[in-house]
Amino acid sequence: MSTGVLSSLRIRTARLAILRELSAKIGETCNIALPGRDAMVYLERVETEWPLRIQLPIGTEVPFYCTASGKMYLSTLPKKHLLHYANSEKLTRHTENTITDPAALADEIESVAQQGYALDRQEFMTDMIALAVPILETNGGLVSTLSFHAPKLRFNVEDALSHLPALQEASRALTALISND
């Protein structure tokens with residue numbers, strides 16, 4: 001096995017260990033997603049033990065504008081690019097909470113940039129709450145996002161935010177994996 005492949009396997013093993021630990025702390029499904037061309041793409045995930053869960057397997061693509069991971073990514077775009085995206089993207093309504101107004105989306109993304117985290121308040125799927133934070137390169141640029149999601153039956157926004165410190169800690173550990181590569 002080549003050194004590069006072995007290094008990638010070690011990083012993946014460590015990445016999954018961090019996700020498993022986070023999922024155990026929160027009790028919900030945790031994900032790492034990468035920005036793709038038109039959507040966020042799930043790279044890794046650790047499923048919750050709960051029988052009631054939302055199935056979005058590795059490789060699933062989800063919209064930028066109505067998911068916590070996608071909004072986290074959008075918050076890293078220069079304002080000019082964000083406004084172009086908001087005004088040119090077809091903002092399809094997925095639920096009654098989906099933001100479909102370009103100006104409202106730009107305001108939401110500006111808040112995300114200031115807060116350093118993003119929420120999905122039942123915007124992509126009815127009865128699903130999600131929280132995302134960035135995973136950063138050593139230069140501070142976004143590489144991917146770390147998030148968890150849960151049915152509203154078990155979590156509300158306040159419950160989700162109570163796990164923000166654990167999510168941020170896991171994000172720092174994932175960032176350290178990248179910088180030590």
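## Loop between β4 and β5

Asp 127 lies in the loop between β4 and β5. In this predicted model, Asp 127 has a positive phi of about 70 degrees, although it is not a glycine. Its relative accessibility is 44%, so Asp 127 counts as partly exposed.

Gln 122 is also found in the loop between β4 and β5 (128-136). Gln 122 is not a glycine either, yet its phi is positive, at about 60 degrees. With 14% relative accessibility, Gln 122 counts as buried, because the cut-off for buried is under 20%.

## Helix α4

Helix α4 covers residues 102-115, 14 residues in all. At 1.5 Å a residue, α4 should span 20 Å. Just after α4, Gly 116 takes a positive phi of about 85 degrees.

The buried residues of α4 are Leu 105, Ala 106, Glu 108, Ile 109 and Val 112. They cover an arc of only 160 degrees around the axis, which means that they sit on the same side of α4. Asp 107 and Gln 114 are exposed on the other side of α4. The cover over the buried residues of α4 includes α2 (68-74), α3 (79-88) and β4 (118-121).

## Cysteines

The structure holds zero disulfides. Cys 30 is buried, with a relative accessible area of 0%. Cys 66 is buried too, and its relative accessible area is 0%.

Key
Residues are numbered from 1 along each chain as its sequence is written. This is a predicted model: local features need pLDDT of at least 70, side-chain atom pairs count only at pLDDT 80 or more; totals for chains, interfaces and linings use all residues. Side-chain values use heavy atoms; hydrogens and water are left out. A disulfide is a pair of cysteine sulfur atoms within 2.5 Å. Buried means under 20% relative accessible area, exposed over 50%, partly exposed in between (1.4 Å probe, protein chains only). Helices (H or I, at least four residues) and strands (E, at least two) are DSSP runs, numbered from the N terminus. The expected span of a helix is 1.5 Å times one less than its number of residues. The arc is that of the directions from the helix axis to the C-beta atoms. Contact means heavy atoms within 4.5 Å.
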